[in-house]
Amino acid sequence: MPDLYAYTDGACSGNPGPGGWGVLLIAREGDAVVKERELSGGEAETTNNRMELMAAISALESLSRPSVLTIVTDSAYVKNGVTEWIHGWKRNGWKTSTRKPVKNAELWQRLDAARGRHTVEWRWIKGHAGHAENERADALARAGMAPFKAKV
């Protein structure tokens, strides 16, 4: 069975502003790529964090059956949120430790539901640091944002 990786990224022009998300799904057997799939989308008025979340959500929701995969993100917000902070938020009724509502709670809840079907390892990498797959995910995110950017 191949190893499955989802490289995810979000982009925003202004924050808030038009934004996009991108996903590069890669199935590998050893060093060989056996299948690739690209996903992207966007919104007219959003934030970078929302687009980072949408990339991870879209990767998980695109899988038709329960899978074992590694999600690679350059967003510490997504990685730390899903591996550390979410447990306290759920325990506190989607409130932060300072009792304020969790920002983007509906997307965190959607991500939590989507990951429940899968076995996911979350991996953070530095963005814009020459990681080929992350650069492709970034290009997909920018392409997803393009239809929503004001034409000059």
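These legends walk through close-up views of a predicted model. Local features need pLDDT of at least 70 and side-chain atom pairs count only at pLDDT 80 or more, while totals for chains, interfaces and linings use all residues. Residues are numbered from 1 along each chain as its sequence is written, and side-chain values use heavy atoms, with hydrogens and water left out.

**View 1. An open sheet of 5 strands, in the order β3-β2-β1-β4-β5.** The pairing here is mixed; two strands pair if DSSP finds at least two bridges between them. Strands (E, at least two residues) and helices (H or I, at least four) are DSSP runs, numbered from the N terminus. β3 and β5 (119-124) sit at the edges with a single partner strand each, so one side of each has no neighbour in the sheet. On average, neighbouring strands are turned by 20° against each other, direction ignored. Inside the sheet, β1 and β4 pair in the parallel sense over 5 bridges, and Ala6 stands opposite Ile71 in β4.

View 2. β2 and β3 run antiparallel, joined by 12 bridges, with Gly20 opposite Gly42 in β3. The hairpin has 2 residues between its strands, and Gly30 takes a positive phi near 65°. Most residues other than glycine have a negative phi, and most peptide bonds are trans. Arg99, not a glycine, still has a positive phi of about 70°; look for Arg99 in the loop between α2 and α3. The peptide bond from Asn15 to Pro16 is cis, with omega near 15°, and Pro16 is in the loop between β1 and β2.

**View 3. Helix α2 (residues 76-91) crosses helix α3 (residues 105-115).** Their axes come within 11 Å and cross at roughly 95°. Axes are lines fitted to C-alpha atoms, for helices over the stretch in contact, and angles run from 0 to 180 degrees between N-to-C directions. α2 and α3 are therefore roughly perpendicular, a label for angles of 65 to 115 degrees. Contact means heavy atoms within 4.5 Å. Among the residues that meet are Tyr77, Trp89 and Lys90 in α2 and Trp108, Asp112 and Arg115 in α3. The contact residues divide into 7 nonpolar, 2 polar and 3 charged. Ala, Val, Leu, Ile, Met, Phe, Trp, Tyr, Cys and Pro count as nonpolar, Asp, Glu, Lys and Arg as charged, and the others, Gly among them, as polar.

**View 4. The largest pocket, with a volume of about 590 Å³.** A pocket is an open set of points on a 1 Å grid over the protein atoms alone, where a 1.4 Å probe fits, with protein on both sides within 12 Å along at least five of seven lines; lining residues have an atom within 4 Å of a point. Points are joined across faces, edges and corners, and the volume is the space filled by probe spheres set on them. Of the 20 lining residues, Leu4, Ala27, Leu63, Arg65 and Ser67 lie nearest the centre. The lining has 11 nonpolar, 4 polar and 5 charged residues.

Technical notes. Angles under 35 degrees count as roughly parallel, over 145 as roughly antiparallel, 65 to 115 as roughly perpendicular and the rest as oblique.
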